[in-house]
Amino acid sequence: MKRRGTVYGFVLAIAVVVLLAWPLGLRAPAQQSTSASPPLGGMVREYELVTMPTATAYSVYTANPTTPHQVWYRIYGGDALFRQRLRVYQENAGPRPINQLPPESELKQEITNNNSTGWFRFAPETGVFTYYFDGDNRLSASSPWRDAFGVKVKRTRYSNGNRYDVSFEDQDSLDDFNDLKLEVVILQPV
């Protein structure tokens, strides 16, 4: 009987630590939805492919503080020579200068491979927010993570928001921009 009490006490202690740590900025990642995709509506316009050879991350943001929005994202693969990592940040502020990420307290999710995932989505928000998608890579399991060497982005406008195809490059020779590929959707009707 004493052993059972010890186990329950241990579980209770862990629960208390988690509940106390929650307000300190340890937030849950976005929810994953494997059965649904973002309700974008009909396509309105495709934009030119943009290549940013010095970018290490990509951000999407809201400019209208009164219209609700929701951000969805998913990794859909990659053909990488090195190990890949996606880090996703959400900040209740306008965008930062290029290649400047928010503090770690704004990190919402980290995925350490480029395997296809289901859709992840943030809760709907109202206000000015910026969402950062940071692509990193490393040569081996024991080497440090390093920033991507460039990003390519294709934007498509839909009746209910925008979809971005984002591809990261993991070599400084900028060869194919297909090492870590993701889709980012921001739902915000015009």
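Modeller: The largest pocket has a volume of about 350 Å³ (on a 1 Å grid, an open set of points where a 1.4 Å probe fits, with protein on both sides within 12 Å along at least five of seven lines; the volume is the space filled by probe spheres on these points). The model is predicted, so local features require pLDDT of at least 70 and side-chain atom pairs pLDDT 80 or more, while totals for chains, interfaces and linings use all residues. Residues are numbered from 1 along each chain, and side-chain values use heavy atoms, without hydrogens or water.

The lining (an atom within 4 Å of a point) comprises 17 residues, of which Y61, T62, N162, Y164 and Q188 are the closest to the centre of the pocket. Two or more lining residues come from each of the strands β4 (57-61), β11 (150-158) and β12 (161-169) (strands are DSSP runs of E, at least two residues; helices are runs of H or I, at least four). The largest share, 4 residues, is that of β4. By class, 8 lining residues are nonpolar, 7 polar and 2 charged.

R74 belongs to β5, which spans residues 70-77. Because its relative accessibility is 21%, R74 counts as partly exposed. Leaving aside residues up to four places away in sequence, R74 touches K181, L182 and E183, as well as T117, G118 and W119 (heavy atoms within 4.5 Å). The side chains of R74 and E183 are joined by a polar contact of 2.4 Å (N or O atoms within 3.5 Å, one able to donate a hydrogen and the other to accept it). The C-alpha atoms of R74 and R121 lie 8.8 Å apart, although 47 residues separate the two in sequence.

Buried residues account for 41% of the 190 residues. Of the contacts with a separation of 6 or more, 75% join residues 24 or more positions apart.

Key
Buried < 20%, exposed > 50% of the residue type's maximum accessible area, 1.4 Å probe, protein only. Nonpolar A, V, L, I, M, F, W, Y, C, P; charged D, E, K, R; others polar.
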